[in-house]
Amino acid sequence: MVSLPPVVGPADELTIDEVRRYSRHLIIPDVGMVGQKRLKNARVLCIGAGGLGSPALMYLAAAGVGTLGIVEFDTVDESNLQRQIIHGQSDVGRSKAESARDSVLEINPYVTVNLHPERLESANALHLFAQYDLIVDGTDNFATRYLVNDACVLLGKPYVWGSIYRFEGQASVFWSEYGPCYRCLYPDPPPPGMVPSCAEGGVLGVLCASIGSIQVTEAIKLLTGIGDTLLGTLMTYDALAMDYRRLRVRKDPNCAVCGDNPTVTQLIDYEAFCGTISDDAADAARDATISVLQLRDWLAARERGERDFLLVDVREPHERDIVDIPGSILIPKGKFLDGSALAELPTDRQVVLYCKVGGRSAEALAVTKGAGFADAVHVGGGVVAWVAQVEPDRPSY
Amino acid sequence: MTVTVRIPTILRSYTAGASEVNVEAVQGNLADVLVALESQAPGISGRILDDEGHLRRFVNIFIDDEDVRYLNGLETEIPERTVISVIPAVAGG
């Protein structure tokens with residue numbers, strides 16, 4: 001186990017009020033006055049005030065971390081509230097950054113909160129990270145995670161990482177000066193469409209707390225220099241089995257960013273690195289995407305017998321239970337990828353595909369067009385856009 | 001030889017929801033185990049191996065707690081009763 005120095009030095013003093021507030025920390029010998037003063041002096045940047053960011057920010061604030069930065073450009077949506085406990089019902093529609101700041105200051109008014117209401121990008125990441133001692137990652141996509149990792153490596157900052165999906169979570173600490181980085185564990189991102197996001201696959205709300213609290217625990221240990229951290233260890237958690245496992249993560253000498261001969265020596269274009277949808281899907285969708293308003297007109301024309309086409313929902317059955325576009329049949333995307341969907345498609349009618357927001361239907365469209373269904377199209381924005389623009393009284397998710 | 005393969009959530013559509021699969025492999029290395037796994041969970045190996053048959057770089061396989069990339073990759077010998085964990089990258093937050 002690598003012995004790590006405390007990330008920050010101690011503040012000069014704690015006020016009488018702070019001593020009262022943090023007394024349950026101060027009487028733990030491993031933390032004590034010195035540890036609490038280190039927390040007071042610490043500057044922690046949390047990327048995202050969503051599922052993982054919510055518990056992370058709240059416990060970091062309660063623990064007495066002196067300065068908390070919040071990078072978040074989104075607004076609070078009602079579908080966030082099942083897990084993003086830093087926001088409440090009255091915050092729906094507000095800036096997440098401002099809502100999170102209000103909760104943090106309600107928990108602990110001694111915290112200084114810096115809001116960065118912007119999208120984290122290669123252009124601003126290094127300048128932002130340089131102002132902080134440690135980075136906590138609560139983002140929801142691969143592009144941002146590789147960006148956060150590379151910026152941390154380039155600046156020598158410790159990176160407390162966690163990710164979640166359905167009932168399963170992973171957490172680790174990356175710090176290239178002392179051990180592996182994220183790219184040592186996962187050198188390349190998956191191709192777009194292969195790994196579903198929480199928006200597509202769902203997540204158990206309380207899983208955010210399970211993994212977010214591991215991240216805060218690691219952050220506190222790093223800041224104060226106590227205990228053994230997850231540097232060099234991947235912690236996996238399966239909520240259904242209530243099973244935690246530790247797996248070894250080694251520093252990769254061939255790592256593209258922290259290895260012996262790095263090829264990534266500055267921040268790159270992470271959207272291009274990770275892709276939003278695959279090139280095939282992007283090609284297929286070009287000139288073959290209809291809007292939900294066009295679809296509405298096409299369905300009306302089909303009703304009048306003036307047009308004929310098959311509308312195919314490529315989502316999963318349980319998503320269809322929530323809401324669907326009327327007059328469609330279900331063939332999940334997986335059946336396109338393995339080819340078995342093709343036998344179910346008509347050759348005498350046009351095929352129109354849709355999913356939740358248009359990513360999966362574009363992937364299925366690439367397969368469909370590739371199999372010779374030249375006039376197939378997909379619906380841009382998917383059922384979410386349909387509900388927003390055509391049937392606003394129906395549920396969205 | 002029987003080994004246990006732990007299946008992550010995103011691949012459980014291939015195993016009828018099972019989180020663990022006991023695999024009977026004729027020989028003893030990881031490639032053999034994956035062939036045997038594929039016969040019990042058709043389609044799963046395409047999510048673990050690329051078109052050339054190499055381990056995908058966003059999926060890690062651990063034998064007990066050790067990453068096979070630091071052992072002998074697909075040629076790593078698998079002792080009887082080993083637990084193999086398939087750990088894919090996920091990005092949810």
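Biologist: Axes here are lines fitted to C-alpha atoms, for helices over the stretch in contact, and angles run from 0 to 180 degrees between N-to-C directions. At what angle do helix α4 and helix α5 of chain A cross?

Modeller: The axes of helix α4 (residues 53-63) and helix α5 (residues 96-107) of chain A cross at roughly 30° and come within 9 Å. That makes α4(A) roughly parallel to α5(A), where angles under 35 degrees count as roughly parallel, over 145 as roughly antiparallel, 65 to 115 as roughly perpendicular and the rest as oblique. Helices (H or I, at least four residues) and strands (E, at least two) are DSSP runs, numbered from the N terminus. This is a predicted model: local features need pLDDT of at least 70, side-chain atom pairs count only at pLDDT 80 or more, and totals for chains, interfaces and linings use all residues. Residues are numbered from 1 along each chain as its sequence is written, and chains are lettered from A and ligands numbered from 1 in the order in which they are written.

Biologist: Which residues meet between α4(A) and α5(A)?

Modeller: From α4(A), A:L57, A:M58, A:A61 and A:A62; from α5(A), A:A100, A:S103, A:V104 and A:I107. Contact means that C-beta atoms, placed from the backbone, lie within 7 Å. The residues of this contact are seven nonpolar, one polar and no charged. Ala, Val, Leu, Ile, Met, Phe, Trp, Tyr, Cys and Pro count as nonpolar, Asp, Glu, Lys and Arg as charged, and the others, Gly among them, as polar.

Biologist: Now the sheet in chain A. What is the order of the strands?

Modeller: The order is β3-β2-β1-β4-β5-β6-β7-β8 (chain A), an open sheet of eight strands with mixed pairing. β3 (112-116) and β8 (243-248) of chain A are at the edges with a single partner strand each, so one side of each has no neighbour in the sheet. From one strand to the next, the twist averages 15°. Two strands pair if DSSP finds at least two bridges between them.

Biologist: Which helix packs on the sheet?

Modeller: Helix α10 (residues 207-224) of chain A, touching β1 (43-47), β4 (134-137), β5 (159-165), β6 (168-174) and β7 (233-238) of chain A. The direction of α10(A) makes about 170° with that of β5(A).

Biologist: How many residues of β5(A) are buried?

Modeller: Seven of seven, with buried meaning 20 or more other C-beta atoms within 10 Å of the residue's own, exposed 12 or fewer, and partly exposed in between. A:Y159, A:W161, A:S163 and A:Y165 point one way, and A:V160, A:G162 and A:I164 the other. β5(A) pairs with β4(A) in the parallel sense over two bridges, and A:Y159 is the bridge partner of A:I135.

Biologist: And chain B, what is the strand order in the sheet there?

Modeller: Five strands form an open sheet, β2-β1-β5-β3-β4 (chain B), with mixed pairing. The edge strands, β2 (20-24) and β4 of chain B, each pair on one side only.

Biologist: How many residues does the contact take from each of chain B and chain A?

Modeller: 21 residues from chain B and 36 residues from chain A. On the chain B side, β3 (59-63), β4 (66-67) and β5 (83-88) each supply at least two residues, and β5(B) gives the most, with three residues. The side of chain B that touches chain A has 10 nonpolar, seven polar and four charged residues.

How values were computed. Contact = placed C-beta atoms within 7 Å.
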